[in-house]
Amino acid sequence: MKRSTFLVSLTAALALTLGGCSKQDAPAAAAAASPLEAVSTQGKGFTVGAMMSATTVYVLFDPQCPHCGHLWEASLPLLKKAKFVWIPVSLGSPKSTPQGVALLSAANPTEVMTEHEKSLLAGQGGIAAPASGSSELEAAIKKNTQLLGSLGADSVPYVVAKNQRSGQVQAKAGAMSTAALADFIGIDQP
């Protein structure tokens with residue numbers, strides 16, 4: 001029994017590592033009329049950037065995903081032009097939910113997320129977080145993870161936004177450069 005548990009854990013860890021930050025078994029519940037409506041009404045995240053901006057970008061991310069860390073860094077130059085709502089999910093790492101709770105409850109989410117992603121991308125695992133936190137926030141992260149699956153997505157980062165130039169709602173999985181992210185949401189680069 002111990003060997004099979006170890007093999008299942010090892011297989012899950014390898015799938016997460018080798019396949020990017022994904023989850024093959026995410027629930028496939030029906031999403032709202034559009035991905036934008038679904039994430040704006042059902043997702044719980046923290047908001048950074050230009051709070052009064054007409055451009056809102058929703059990012060579903062796993063705190064243990066390095067691709068999400070790269071997208072965070074790419075988004076920083078755009079924070080004066082767009083509002084970003086970062087919605088934490090948990091795709092299998094035991095650190096994801098506690099770190100997500102810490103980020104959701106941070107007084108200054110921009111500062112804490114920047115510290116977290118810098119640590120994660122340096123191979124140091126991200127911010128330290130208690131093993132258990134607010135049960136309400138843990139439940140929100142579980143719901144966010146189900147939302148990701150209901151959108152038909154199986155990897156993060158998963159970005160949803162209305163392009164300001166075309167007016168089209170778009171969704172895309174994967175990290176982007178600052179230029180690609182600006183183009184995706186239809187704003188000029190700073």
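## Overall fold

Read along the sequence, the protein chain of this predicted model follows the pattern α-β-α-β-β-α-β-α-α-α-β-β-β-α. That amounts to seven helices and seven strands.

Of the 190 residues in the protein chain, 46% are buried. Among contacts in the protein chain with a separation of 6 or more, 74% join residues 24 or more positions apart. The protein chain exposes about 9,500 Å², and 55% of this area comes from carbon and sulfur atoms.

Strand 6 covers residues 158-162 and strand 7 covers residues 169-173. The two pair in the antiparallel sense, over five bridges. Within strand 7, Gln170 is the residue that stands opposite Ala161.

Six residues lie between the strands of this hairpin. In the hairpin, Gly167 takes a positive phi near 80 degrees.

## Cysteines and disulfides

A disulfide is a covalent bond between the sulfur atoms of two cysteines. How many disulfides does a search of the whole structure find? The search finds zero. Cys68 is in no disulfide, and the nearest cysteine sulfur, that of Cys65, is 3.0 Å away. A disulfide here requires the two sulfur atoms to be within 2.5 Å.

Are these two cysteines buried or exposed? Cys65 counts as buried because its relative accessibility is 0%, where the cut-off for buried is under 20%. Cys68 is buried as well, with a relative accessible area of 0%.

Definitions and conventions
Residues numbered from 1 in each chain as written. Predicted model: local features only at pLDDT ≥ 70, side-chain atom pairs only at ≥ 80, totals over all residues. Heavy atoms only, no water. Pairing = 2+ DSSP bridges. Helix = DSSP H or I, 4+ residues; strand = E, 2+ residues; numbered from the N terminus. Buried < 20%, exposed > 50% of the residue type's maximum accessible area, 1.4 Å probe, protein only. Contact = heavy atoms within 4.5 Å. Areas by Shrake-Rupley, 256 points an atom, 1.4 Å probe, with all protein chains shown as cover.
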